[in-house]
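Subject: Structure handover and notes

Hi,

Here is the structure I promised to pass on.

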Amino acid sequence: AELREASGAVAAASAAVAEAKSEQREGDAPLMAAAAKKGQLVAAFSGDYAAMKRGDVAGAARAVECLMKVCMDFGVDGQIMRSAELALGKAAGERGGFPRLVFGE
């Protein structure tokens, strides 16, 4: 009888552990998605954006395209994106008022 009770307790505990692990995965999903999105932003702004900010226009078209995709993925307003796209591809010496504003110069 004790063995049967212990076996039942082990089975119930195992089921509870499985349920808890499942709930943990469900709870972690939004956190993992947010971490992935943060990774996208960090990569875009430490790579492509940083190069454009320095005025490195070699490969600027590709860099602008990549940055615009990230901005679109994050729901940045279309008008802001169109305006920024024009400023982002300019070399540092060619930047006027708005491009300087975009880059925070």
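A disulfide here is a pair of cysteine sulfur atoms within 2.5 Å. With that cut-off, a search of the whole structure turns up zero disulfides. Cys66 takes part in none, and the nearest cysteine sulfur, that of Cys71, is 11 Å away. That distance is too far for a bond.

Before the rest, some ground rules. This is a predicted model, in which local features need pLDDT of at least 70 and side-chain atom pairs count only at pLDDT 80 or more, while totals for chains, interfaces and linings use all residues. Residues are numbered from 1 along each chain as its sequence is written, and side-chain values use heavy atoms, with hydrogens and water left out.

For accessibility, buried means under 20% relative accessible area, exposed means over 50%, and partly exposed is in between (1.4 Å probe, protein chains only). Cys71 is buried at 13% relative accessibility, whereas Cys66 is partly exposed at 31%.

Now the helices, which are DSSP runs (H or I, at least four residues) numbered from the N terminus. The expected span of a helix is 1.5 Å times one less than its number of residues. Helix H1 covers residues 2-46, and its 45 residues should span 66 Å; the end C-alpha atoms are 63 Å apart, which agrees. H1 has a kink of about 35° at Asp28, shortly before the proline Pro30. The bend at a residue is the angle between axes fitted to the seven residues ending there and the seven starting there.

What is buried in H3? The residues are Ala60, Ala63, Val64, Leu67, Met68, Val70 and Cys71. They cover an arc of only 160° around the axis, so they sit on the same side of H3. The arc is that of the directions from the helix axis to the C-beta atoms. The face turned away from this buried side carries the exposed residues Ala61, Glu65 and Met72. Arg62, also in H3, is partly exposed with a relative accessible area of 49%. The buried residues of H3 pack against H1, H2 and H4. As for length, the 14 residues of H3 should span 20 Å, and its end C-alpha atoms are 20 Å apart, which agrees. Just after H3, Gly75 takes a positive phi of about 75°.

H4 has Met81, Ala84, Ala87 and Leu88 buried. These fall within an arc of 125° seen down the axis, so they line one face of the helix. On the other side of H4, Arg82 and Leu86 are exposed.

Finally, the core. A nonpolar core is a set of buried Ala, Val, Leu, Ile, Met, Phe, Trp, Tyr and Cys residues joined through side-chain atoms within 4.5 Å. The largest one has 13 residues, and those with the most contacts inside it are Tyr49, Met52, Val64, Leu67, Met68, Leu88 and Phe103. Helices H2 (48-54), H3 (60-73) and H4 (78-88) each supply at least two of its residues. H3 gives the largest share, six residues. Taking contact as heavy atoms within 4.5 Å, Met68 touches Met81, Glu85 and Leu88, leaving aside its neighbours within four places in sequence.

Best wishes
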